Amino acid sequence: MIQVMSEPKAHMRAMRIHRLGELCPTNPPLQDDRIPVPIPGDSDLLVQVHACGVCHTEIDEIEGRTPPSRLPMTPGHQVVGKVVDQGAACKPGLMNKRVGIAWIHSACGQCRWCLSGRENLCLDFSACGRDAPGGYAEYMTVPESFAHIVPDELGDLEATPLLCAGAVGFRALRLCRLENGQNLGLTGFGASGHLVLQMARHLYPDSRFFVFARSAKERAFAAELGATWTGNTGDRPETGLDAIIDTTPAWLPVLAALEALAPGGRLVINAIRKESGDRDVMSRLSYEEHLWQEKSLSTVANVTRSDVRECLRLATQIPLRPHVTAYPLEKANQALLDLKRGHIRGAKVLQVI
Ligand SMILES: [Zn+2]
Ligand SMILES: [Zn+2]
């Protein structure tokens, strides 16, 4: 039984992926559809979307590197909105609460990964906006236990990048096992890098931070946010780095990062997929230069609920206020093209209401 406390309209706007292909101006990937407002199941919330961040993963979905599990699909996994309806099995008192929804839309809750706090690795992991309809729409549903209360200090728009770039970046930082005073490198300085740098400065005040980015604008932005050193991909700081987070879609930075690690250093790749353009550079991988001396390499996959919640909490403590550029929902194709082409500072966000 659904407990209806406010009446959402019957139909809504949703910007949906209907077919896969390369994202380019002559081939807008999203269609502006009118579809029925979804009905929440017993354990679900119906959320009226206020804002939804635009992420590079949407481009990976559209171009087929991590395709939607069905079409058409509403993308979007950095959603802030208001609870306007809830299923009968949900706990009372959630109506009108402001919640965030991240890439983790659900997991099985019973497997060994779910039971050990690594629900991000669940084989039944369902991704918001890829396996379940996401936030490029006026409404969406989410299992109650996968919605996160957004602290009042954070506005709708500025909270959205924390739900992906921030939370996944936070997870990458965790996997670095950095100790205060150790050197951290970041290769690439996009939506995630600029948040990770601010979180890392707060958590490791005596550490030094090295940012590798191809664009001079990104390097200047990194310096402004407190990077100790900035350089191009392949430039080498004088000191070895204890951990590096790679957020680029390319392979050359992986090789360069392994080379820049100090003995015992950890490289964490934070990218859902790598593009294949420069994959050949990995044939230069040398055991002595890149792996010897107990260097390690891991990836970061998805996020857990605790990553999302801790990132939101940390953001209010620092305080962390992401830079955003807003687009109306119907301009989602433009936002994706702008993201693919490059570099407006900070994160792009669809402002739905
Ligand atoms: Zn994302
Ligand atoms: Zn599971």
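The residues that line the largest cavity divide into 5 nonpolar, 2 polar and 1 charged, where Ala, Val, Leu, Ile, Met, Phe, Trp, Tyr, Cys and Pro count as nonpolar, Asp, Glu, Lys and Arg as charged, and the others, Gly among them, as polar. This is a predicted model, in which local features need pLDDT of at least 70 and side-chain atom pairs count only at pLDDT 80 or more, while totals for chains, interfaces and linings use all residues. Residues are numbered from 1 along each chain as its sequence is written, chains are lettered from A and ligands numbered from 1 in the order in which they are written, and side-chain values use heavy atoms, with hydrogens and water left out.

**Cavities**

- The structure holds 2 cavities of 30 Å³ or more; on a 1 Å grid over the protein atoms alone, a cavity is a set of points where a 1.4 Å probe fits but cannot get out, a pocket is an open set with protein on both sides within 12 Å along at least five of seven lines, and lining residues have an atom within 4 Å of a point.
- The largest cavity holds about 40 Å³ of space, and its lining consists of T187, F212, G234, D235, P253, A256, A257 and A260.
- Helix α7 (residues 252-260) gives the most to that lining, with 4 residues; helices (H or I, at least four residues) and strands (E, at least two) are DSSP runs, numbered from the N terminus.
- The second largest cavity has a volume of about 30 Å³, and its lining has 3 nonpolar, 7 polar and no charged residues, with α5 giving the most, 3 residues.

- S192, which lies in helix α5 (residues 191-203), is among the residues that line the second largest cavity.
- S192 counts as buried because its relative accessibility is 10%, given that buried means under 20% relative accessible area, exposed over 50%, and partly exposed in between (1.4 Å probe, protein chains only).
- Leaving aside neighbours within four places in sequence, S192 is in contact (heavy atoms within 4.5 Å) with A165, G169, T247 and N270.
- T233 is found in the loop between β13 (229-231) and β14 (241-246), and counts as partly exposed because its relative accessibility is 26%.
- With neighbours within four places in sequence again left aside, T233 is in contact with F212, A213, R214 and P253.

**Zinc site**

- The zinc ion (ligand 1) is coordinated by C55 (SG), H77 (NE2) and C164 (SG) at 2.0 to 2.2 Å; donors are N, O and S atoms within 2.8 Å of the metal (3.2 Å for Na, K and Ca), and water is not among the atoms, so sites may look incomplete.
- C55, in the loop between β4 (44-54) and α1 (56-62), and H77, in the loop between α1 and β5 (79-87), link distant parts of the chain, 22 residues apart, and both C55 and H77 are buried.

**Nonpolar cores**

- Of the 85 residues in the largest nonpolar core, Y136, L184, F189 and M199 touch the most other members; such a core is a set of buried Ala, Val, Leu, Ile, Met, Phe, Trp, Tyr and Cys residues joined through side-chain atoms within 4.5 Å.
- The largest share of this core, 7 residues, comes from helix α4 (residues 165-176).
- A second, separate core of 14 residues includes I244, L255, L267 and I269.

Key. Grid points are joined across faces, edges and corners, and a volume is the space filled by probe spheres set on the points.
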